[in-house]
Amino acid sequence: LIARIGGFCYNDNNHDELMLVLPVYINGRYRGGVRAFFEKQENGLSYLTIKGDWVKSYGLLGYDYIQKRDLWGAKAVVLVEGPRDWLRLMKNKIPACAILGANMMDEKKMMLIAAVRVQCLLPSSRALSNSARPSII
């Protein structure tokens, strides 16, 4: 899946960690990308997006990928906050898009979200306690 969307992994010498790089394409056009640590970081910095205003308007990881797929027979797309949530759902054949930040939203992004069949919004894992994690039906 990572390779199919143009992503790759590398060892970040500055952080001494493996990083996952995922590009964001909207309607065939590269808009930006996000680097994600494989493991959740204690300092809270788990994702690094490429600088610029693209995230507010076009930061929908997986948008083009789900537009080109049959969505495994699903009738809806799950909207999540971050890349690791997106990967986990997609790995389990649950169609999803990641908004790349809870506060990163404008009218353009809302229009893109309306174009896909969003079923539910999953809060970030930080916002939920282990006992309150939602199940996907």
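Analyst: Terms first: helices (H or I, at least four residues) and strands (E, at least two) are DSSP runs, numbered from the N terminus. From that end, the elements run β-β-β-β-α-α-β-α-β-α-β.

User: What should I know about the model and numbering?

Analyst: This is a predicted model: local features need pLDDT of at least 70, side-chain atom pairs count only at pLDDT 80 or more, and totals for chains, interfaces and linings use all residues. Residues are numbered from 1 along each chain as its sequence is written, and side-chain values use heavy atoms, with hydrogens and water left out.

User: OK, the sheet. What's the strand order?

Analyst: The order is β1-β2-β3-β4, in an open sheet with antiparallel pairing. Two strands pair if DSSP finds at least two bridges between them.

User: And which strands stand at the edges?

Analyst: β1 (8-12) and β4 (47-49). Each has a single partner strand, so one side of each is left without a neighbour in the sheet.

User: How many bridges between β3 and β4?

Analyst: Three, in the antiparallel sense. A36 stands opposite Y47 in β4.

User: Which strands does α3 touch?

Analyst: Helix α3 (residues 83-91) packs on the sheet and touches β2 (17-26), β3 and β4. Contact means heavy atoms within 4.5 Å. The direction of α3 makes about 95 degrees with that of β3. Axes are lines fitted to C-alpha atoms, for helices over the stretch in contact, and angles run from 0 to 180 degrees between N-to-C directions.

User: Switching topic. Which salt bridges are there?

Analyst: The structure holds two. The cut-off is a side-chain nitrogen of Lys or Arg within 4 Å of a carboxyl oxygen of Asp or Glu. In one, the side chains of D12 and R35 meet at 3.4 Å, N to O. D12 lies in strand β1 and R35 in strand β3, so the pair ties together parts 23 residues apart in sequence.

User: Is D12 buried or exposed?

Analyst: Buried, at 5% relative accessibility. R35 counts as partly exposed at 30%. Buried means under 20% relative accessible area, exposed over 50%, partly exposed in between (1.4 Å probe, protein chains only).

User: And the other bridge?

Analyst: D85 with R88, the closest N and O atoms being 3.0 Å apart. Both lie in helix α3, three residues apart, about one turn of the helix. D85 is buried at 12% relative accessible area, and R88 is partly exposed at 48%.

User: Last one. What does Y63 touch?

Analyst: Not counting residues up to four places away in sequence, Y63 touches Y25, I26, N27, C97, L112, A115 and V116.
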